[in-house]
Amino acid sequence: MINLREYRSSDFDELWRIDQECFQEGIAYSRRELAWYMNRSRAFTLVAPSTPGHAHGTAEQAEKKAEGKILGFVVAESDPSGAGHILTIDVRPEGQRTGVGSLLLQAAERRLVQEKCKAVLLETAVSNTAALAFYKRHGYSVIETIPRYYLNSIDALVMGKHLDTIGTAKARRVKAKKI
């Protein structure tokens with residue numbers, strides 16, 4: 001079972017390494033870019049640590065060890081106009097196809113709904129077939145193409161989804177009844 005948590009500044013180096021692992025040079029964020037996106041005023045970052053292990057050492061070391069290594073993360077932001085934006089979802093290869101990406105995406109969408117967003121947008125490379133299939137499974141549709149968005153040579157697809165605040169609230173009520 002994976003319990004998502006809020007980003008801590010001590011996570012940054014590992015999150016940057018995950019981003020480098022997930023995307024090719026020129027598409028992956030530089031340290032400066034990733035920090036800038038994560039620190040925007042309306043941005044948030046959620047982290048998916050792996051299954052807990054044995055903990056010892058300082059309190060922070062024990063907490064990190066108890067959580068295990070980070071499998072993935074999502075950076076998103078809300079806009080006062082009611083649109084959310086998924087800036088990146090990164091999942092290590094060993095965490096892919098395990099539901100980690102879905103958990104991160106759904107948690108980000110719930111958070112955006114709480115922040116009064118009615119829709120969410122994201123960009124992905126036209127050549128990233130795994131990401132396209134993933135987002136389509138989660139109800140995203142292609143809105144437009146941005147020519148030469150990545151590396152000044154690879155087109156990006158802007159994908160979007162309406163966020164159903166009623167459905168999200170209903171899901172929270174159903175989950176609360178089960179507890």
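Which residues have the most contacts inside the largest nonpolar core?

Figure 1. Before zooming in, here is the overall layout of the predicted model. The chain holds 6 helices and 7 strands, and from the N terminus on their order is β-α-α-β-α-β-β-α-β-α-β-β-α. Of its 179 residues, 40% count as buried. Take the contacts between residues at least 6 apart in sequence: 62% of them join residues at least 24 apart. The accessible surface comes to about 10500 Å², and carbon and sulfur atoms account for 53% of that area.

**Figure 2. The largest nonpolar core.** Here is the answer to the opening question: Ile-86, Ile-89, Tyr-135 and Tyr-140 have the most contacts inside this core of 27 residues. Two or more core residues come from each of strand 2 (43-49), strand 3 (70-78), strand 4 (83-91), helix 4 (100-114), strand 5 (119-125), helix 5 (129-137) and strand 7 (154-162). Helix 4 gives the most, with 7 residues. Apart from this core lies another one, of 11 residues, including Phe-12, Tyr-29, Phe-73 and Leu-87. As background, nonpolar side chains in soluble globular proteins tend to be buried together.

**Figure 3. Tyr-135 and its surroundings.** With neighbours within four places in sequence left aside, Tyr-135 touches Ile-89, Leu-105, Leu-122, Thr-124, Tyr-140 and Met-159. Tyr-135 is also one of the buried residues of helix 5, the subject of the next view.

Figure 4. On the face turned away from the buried side you will find the exposed residues Thr-129, Lys-136 and Arg-137. Gly-139 follows the helix, with a positive phi near 90°.

**Figure 5. Helix 1 and what covers it.** Now to helix 1 (residues 12-22), where Phe-12, Glu-14, Leu-15, Ile-18 and Asp-19 are buried. Seen down the axis, these buried residues fall within an arc of 165°, so they line one face of the helix. Their cover includes helix 2 (31-38), strand 2, strand 3 and strand 4. Phe-12 is also among the residues of the 11-residue core.

Figure 6. Is Glu-77 buried or exposed? Its relative accessibility is 11%, under the 20% cut-off, so Glu-77 counts as buried. Glu-77 lies in strand 3, and its side chain makes a polar contact of 2.8 Å with the side chain of Arg-40. Beyond neighbours within four places in sequence, Glu-77 is in contact with Arg-40, Arg-42, Ala-43, Phe-44, Ala-83, Gly-84, His-85, Leu-87 and Leu-112.

Figure 7. Pro-147 belongs to strand 6 (residues 141-150) and counts as partly exposed, at 48% relative accessibility. Between Pro-147 and Leu-157 there are 10 places in sequence, and their C-alpha atoms are 8.8 Å apart. Arg-148 is in strand 6 too, with a phi near 50°, a positive value in a residue other than glycine. In the loop between strand 6 and strand 7 comes Asn-152, whose phi is likewise positive, near 55°. Asn-152 is exposed, with a relative accessible area of 61%.

**Figure 8. Where to read the model with care.** The chain averages a pLDDT of 87, and 83% of the residues score at least 70. Over residues 54-59 the pLDDT is below 50, and the model gives this stretch 6 contacts beyond near neighbours in sequence. Residues 173-179 also stay under 50, and here the model has 0 contacts beyond four places in sequence.

Conventions: Residues are numbered from 1 along each chain as its sequence is written. This is a predicted model: local features need pLDDT of at least 70, side-chain atom pairs count only at pLDDT 80 or more; totals for chains, interfaces and linings use all residues. Side-chain values use heavy atoms; hydrogens and water are left out. A nonpolar core is a set of buried Ala, Val, Leu, Ile, Met, Phe, Trp, Tyr and Cys residues joined through side-chain atoms within 4.5 Å. Buried means under 20% relative accessible area, exposed over 50%, partly exposed in between (1.4 Å probe, protein chains only). Helices (H or I, at least four residues) and strands (E, at least two) are DSSP runs, numbered from the N terminus. Contact means heavy atoms within 4.5 Å. A polar contact is a pair of N or O atoms within 3.5 Å; within protein, one must be able to donate a hydrogen and the other to accept it, and residues adjacent in sequence count only if both atoms are side-chain atoms. Accessible areas come from the Shrake-Rupley method with a 1.4 Å probe; for residues, only the protein chains shown count as cover. pLDDT is the predictor's confidence in each residue, from 0 to 100. The arc is that of the directions from the helix axis to the C-beta atoms.
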